[in-house]
Each structure stands twice: as C-alpha cells, then as structure tokens.
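Thanks for asking me to look this one over. Here is the entry, with my notes below it.

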Amino acid sequence: MALVTFTPLGFYCAQADLYIDPLRKVSKALVTHAHSDHARPGMQHYLCHTQSVNILKLRLGQRISVQSMAYGESVWMNGVEITLFPAGHVPGSAQVRLIYKGEVWVISGDYKTVGDGLTPAFEAVRCHHFVTESTFGLPIFQWRDQQTVFDDINAWWRENASAGKPSVLLGYSLGKAQRILKYLDRSVGAVVCHGAIAASNIALQESGFDFGEWKDASGGLASLQDRGIRTEESLIVCPPNALRSSWISPLGRYSLANCSGWMAVSKSGDWGGVDRGFVLSDHADWPQLLEAVLATGAEHVHVTHGFSEVLSRYLRETHQLNADVVEKGMLEMQGE
Amino acid sequence: MKSMNQSDRLNRPVWCDAFLDEGGNLIFPIKVSVNTMKGWILERTGISAWLFIECQRFAGSLNEALALLMGTSTGGITAMVLQHGFERWDTWTDSERKEWFLFLLSAMEVEERRLLMSLLSGRSNATLISKYGLGKISSVRDLKETTSITVNAILLYVRPIDRMNTQYELTFGLYKEEGYTSCLRAMLGEDGMGGWLQGLDDEPVLLDWITDNLGERIGPIRSVTVSEVFELQCDGVELSKRHKAGFKAESVRVLKWLRNAENAIAPLTAGNQSMVTSLEWVRDFLPKPQDSGQTG
Ligand SMILES: [Zn+2]
Ligand SMILES: [Zn+2]
C-alpha cells in the first residue's frame with residue numbers, strides 16, 4: 001500500500017496514523033496552513049508550523065490541542081519521518097514531507113513559488129510522490145511581478161485620496177491582507193483594518209511577522225475621526241462580508257477594489273461590482289505550478305484543489321509523468 | 001454607447017490616440033481574422049487544442065483567453081510600432097505579419113490585447129470600449145446606468161464545480177404560473193483562498209445542506225430539494241428577448257438565506273402560492289426599452 005492514501009476524510013498516512021488537512025473530525029491532523037478549507041475544527045490533536053499556532057487558535061479556539069514544528073525540523077511517528085518545508089502561500093504555511101522505508105511523499109498544501117517578502121519562500125523538496133494544488137491551473141493565469149501590482153494599488157489609493165474619497169480594499173484576513181499591508185505607501189494616508197483583519201494581524205505579529213503600521217477599526221469606522229484619522233485619505237482593508245453590514249456605512253461614498261487572482265479574468269472582475277480589480281494571488285500561477293512540480297523530480301504527481309483534470313492531463317501528455325486527480329481517488333474510496 | 005472621448009480614462013492606451021477620427025471613434029486600417037490570430041498565438045505559446053478549449057471555457061471568450069495566454073507584458077508599445085505595421089502590411093509575408101502581431105501583443109497589457117484583437121478582427125468596438133473603458137477592468141456601475149432589484153428566489157439546481165463539493169453554481173427560479181422558471185445564477189462555497197464566495201455567515205451550513213440534498217443528475221447539473229428561498233440582489237438587470245425568463249442580470253449576489261421560509265415575510269408574492277417573487281413582477285418593474293433613454 002502507498003504511504004499516503006486519499007480517503008473520504010482527506011490525505012491519510014496509515015503507518016503514522018496521521019491525516020493531512022482532513023475534511024472531517026479525526027484524532028491526529030497535520031494542518032498545512034490556517035485557511036478554513038485546510039484547518040477545520042474538531043480535531044483531537046493538531047500539528048502545524050510554529051508560526052501557524054496563534055492564528056490556528058484564533059480561528060479554532062484557544063483550547064485546541066496543538067503541537068508545532070519549525071521548518072526543517074522532523075518528528076517521527078511509528079517510523080515515519082515527518083518534516084515541514086516553507087510553502088510560501090501565507091504566513092505559517094508549510095509543505096509536509098513524509099519518508100518511510102525510502103518512499104518520499106510531499107504534500108504541498110497551497111503554495112506559490114515566487115517570494116512575497118512576508119512569508120518564508122517556497123522550497124522545492126525532492127520526492128517520489130508530489131501532491132499539488134491547481135487553483136489557477138490554466139495557462140491563462142500568469143501573474144505580473146508583485147511590485148507592479150502594489151504600484152497600481154498605491155496609485156489608485158493616491159488618486160482617491162486626492163479626490164477626498166476613502167479607498168476600500170477587499171482581502172481575506174489571513175495572508176492577502178498582511179501581504180498588502182506590507183507594501184502600502186503610508187505617505188498617502190492611514191491604513192485601517194476591519195476587526196477580523198485586526199485580530200489576524202495581532203496573532204501574526206505575535207508570531208513574528210512584520211507588515212508595517214495599521215489602525216484598528218474594531219471599534220467602528222466612526223470612531224476613527226475622533227482619533228484624528230482622516231478616512232477620506234485612508235485605505236481601509238476589510239473582508240467582503242463587511243460590505244453588507246452597517247460597519248461600512250459611516251464612510252458614505254468610497255472607491256472599492258478587490259485583490260485576487262480571479263480578477264485576471266474580466267468576468268470575475270464584474271462579479272462583485274467593484275471599481276477596480278487587482279490581480280494578486282497567494283497561489284501559484286500556471287508557470288509556477290509547472291516549475292514546482294518539475295523541481296521535485298517526482299514521477300508521481302497527484303493533483304487537487306482546482307483545475308486538477310487539466311493540470312494532470314497536461315503533466316501526463318507534456319512531461320510524461322504519472323499524474324492523477326486526487327479527488328477521483330477520494331470518490332472511489334467513498335463508493336466502496 | 002460611449003465614445004472614446006467620454007471615457008477618457010487614466011489608463012487608456014496611448015496608442016489608441018493615433019486612430020481616432022473626429023467623432024472619437026477608432027479607425028483601423030487592416031483586418032486579421034480571429035482564426036489567424038488564434039493560430040499565431042497557439043503556435044507561439046505551444047498550447048494544444050484541448051487545453052485551449054479549457055482556457056476559453058473559463059475565460060468566457062476567445063479574445064480574453066488569447067489575451068491572457070500571452071502572459072505578462074514586456075512593455076514599451078507605442079503608436080509608432082502600430083503605424084509601422086499598418087504601412088507595410090500589404091507588402092509583408094505571412095510570417096512577417098505574425099512576428100509584428102506577436103511582438104505587439106507581448107508588449108501590451110492584457111486589456112490592450114483584448115482591444116487590439118477586437119479591432120483587428122473588425123468586430124464592433126463599442127461594447128469593448130464601454131465595458132473596459134479602454135483601460136483596466138472597471139466596474140459596470142460607473143460606466144452605464146443599470147437597474148438593480150432584490151428578489152426572493154427559490155433554489156432549483158446546482159452545478160458542482162469541484163469533486164470535493166466545496167463550490168457550486170446555483171440556479172434559482174422565480175414564480176410563474178404554478179411553477180418556477182429558472183433564471184438567476186450565482187456561485188457559492190469556498191473560494192479556495194480561505195474565504196467564501198458569497199461571504200454569508202451561514203454559507204458553510206448551506207454548502208452542507210446542498211451536499212446532503214442533491215437529487216437527480218441532469219447533465220452537469222443536479223437537482224436539489226426545492227424548498228430553500230433566498231434573497232438575491234441582481235445588478236445590471238434589463239429586459240431581454242433572448243433569455244427564456246425575458247430578462248437578464250449581469251451579476252447576482254446572495255444577500256440572505258431565508259431559512260424556515262414559511263415564516264418569513266414575503267413582500268413580493270404572487271398570489272398566496274409562494275413567497276417567491278414572480279417573474280411578472282420583475283418584467284413589469286424593469287424599464288421598457290423605449291423609456292430607457294437610450295441613444296444611438
Ligand atoms: Zn486551499
Ligand atoms: Zn490556502
């Protein structure tokens with residue numbers, strides 16, 4: 001039997017009795033990063049990277065049982081050597097390498113290979129079996145250099161500020177928000193964060209990440225004026241659902257932008273009715289996916305999370321790899 | 001229709017200025033067929049036919065897929081480079097034409113490529129200009145007057161996007177003569193980046209509900225138990241003869257899952273049958289083409 005199997009509960013290493021990013025409640029769960037589709041509640045024990053602990057507790061509760069590891073550090077479970085490597089996706093994200101009797105697997109979780117200056121950069125790890133995501137697994141996805149995107153964001157902000165209009169930028173509270181915060185030009189105005197993002201910021205700062213100065217708007221936007229912050233020159237970072245609450249209403253008129261890889265395609269640009277779409281993703285684009293897969297030297301590639309059919313077929317046809325779709329295995333297992 | 005001068009946007013490609021007539025419309029002196037351009041781009045990028053189909057399916061249009069496939073811009077495009085090609089076009093061989101075209105495209109930003117290809121293929125440029133303002137993607141909202149409505153609609157079908165059941169495209173129906181007519185679509189589920197596509201508080205519960213209530217398979221879609229009603233915000237709504245329901249919406253956002261629907265207050269019901277908004281109400285509400293103040 002293979003060292004790692006694809007079960008209805010998620011990736012499973014029977015020899016170590018360990019699940020990776022399980023979908024349902026299990027006893028031992030190794031979590032590659034704290035995003036909600038990877039770190040789910042209810043596990044008896046969690047194992048994750050040291051810099052994921054705070055944010056995991058923030059999201060899943062302070063009382064979870066969690067053990068942590070640094071990158072490059074190994075633990076053994078029933079003869080299986082387990083090591084974490086940087087995935088470059090979001091702060092605290094890791095790839096997992098499992099070695100048993102010479103068989104090497106790497107489950108990369110979500111990743112990007114181009115460094116963002118905030119999260120430790122992705123490291124290619126040699127293995128026999130590589131599990132890769134494929135969120136942006138189509139050749140139409142090719143990211144521009146992040147600095148050009150941040151230049152665009154800062155220019156948009158500056159333009160709004162000079163017109164006396166607040167700038168509202170949508171971003172998820174873990175990863176995207178902090179990556180943006182790090183590169184904002186504070187000479188334009190104040191950087192303000194919604195409560196949900198503020199909470200993540202604090203957890204990540206305590207884990208040692210630095211992304212510059214920001215103002216906490218947990219107490220509401222109205223309170224900013226009292227604190228001497230001019231909202232019309234501010235850039236306000238908030239999660240999408242804040243737009244539908246009364247939280248946003250003190251702003252009046254504002255310019256709205258979204259920051260996501262999906263913004264590359266204009267039909268998604270229209271989805272949220274935003275004024276501007278900035279193409280910025282914490283996932284690998286097509287060239288990065290290919291680069292990552294080939295760098296591992298793996299003969300077996302298991303593709304999940306997105307355009308898995310497309311990427312696996314391409315790897316089979318163009319690179320003669322044994323590539324398959326993980327979810328297929330999981331479904332077959334369910335059928336048994 | 002917006003002319004070039006009206007949509008005087010900051011990010012308008014400079015090269016466009018060289019091809020404006022007095023009315024602000026673009027004039028393009030040469031034509032290249034879409035198939036030729038496609039052939040050139042696929043050859044350059046080494047993309048196979050099946051892979052291109054996947055790209056086009058996701059991008060939504062041929063133009064967009066081709067523009068994106070060319071990757072990130074190398075920069076430095078000027079009106080002079082274009083002029084150069086226009087002047088020599090008739091004397092060039094096919095491969096010289098191809099080189100010029102691919103050089104231009106690599107240098108341009110994605111939005112510019114879409115525009116250039118649309119102009120070269122001789123398709124009407126009005127839609128493109130009004131939609132993209134010749135620059136970055138911008139909101140539909142600030143480019144044209146649109147109607148927004150809020151309706152109560154019932155969930156009829158779902159289309160699973162991935163095998164893990166983390167994303168669905170939902171099809172909703174409105175009430176019509178003792179039944180429901182499917183007419184509105186929205187995405188739901190995990191966005192793959194740790195968030196949720198609609199950002200509803202109960203989106204995870206709804207996702208589980210759908211997975212537990214999948215019915216028969218009809219091609220790529222699945223029916224679901226017809227019981228759940230949602231408050232939807234539909235933007236960019238207009239009457240349309242080409243749509244079965246008689247209208248179309250550019251974007252649909254799920255505002256609220258009206259759980260325990262029988263208890264919910266339904267302001268827009270059709271008879272006592274249903275708390276679901278009727279199709280008739282929507283059609284009556286929408287401005288008719290003659291009073292929308294459209295100009296040529
Ligand atoms: Zn993920
Ligand atoms: Zn993630």
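Predicted model: local features only at pLDDT ≥ 70, side-chain atom pairs only at ≥ 80, totals over all residues.

1. The geometry discussed here comes from computed coordinates.

2. Let me start with the zinc ion (ligand 2). Its donors are A:H33 through NE2, A:H35 through ND1, A:H89 through NE2 and A:D110 through OD, at 2.1 to 2.3 Å. Along the chain these donors are spaced as H-x1-H-x53-H-x20-D. Both A:H33 and A:H35 are buried.

3. The angles may interest you if you plan to treat this site. They span 91 to 165° among the 4 donor atoms, and the site is irregular.

4. Turning to the fold, chain A has an open sheet of 6 strands in the order β1-β2-β3-β4-β5-β6, with mixed pairing. On average, neighbouring strands are turned by 30° against each other, direction ignored.

5. Within chain A, strands β3 (residues 18-20) and β4 (residues 28-30) run parallel and are joined by 2 bridges. A:I20 has A:L30 in β4(A) as its bridge partner. Helix α1 (residues 53-60) of chain A lies across β5 (45-49) and β6, at about 140° to β5(A).

6. Finally, A:S134 sits in strand β11 (residues 129-134) of chain A. A:S134 is buried, with a relative accessible area of 0%. Beyond its sequence neighbours within four places, its contacts include A:L289, A:H305 and A:F307.

Conventions:
Residues numbered from 1 in each chain as written. Chains lettered and ligands numbered in written order. Heavy atoms only, no water. Pairing = 2+ DSSP bridges. Helix = DSSP H or I, 4+ residues; strand = E, 2+ residues; numbered from the N terminus. Axes fitted to C-alpha atoms, helices over the stretch in contact; angles between N-to-C directions. Contact = heavy atoms within 4.5 Å. Buried < 20%, exposed > 50% of the residue type's maximum accessible area, 1.4 Å probe, protein only. Donors = N, O, S within 2.8 Å, 3.2 Å for Na, K, Ca; no water. Tetrahedral: all angles 85-135°; square planar, octahedral: opposite > 155°, others 65-115°.
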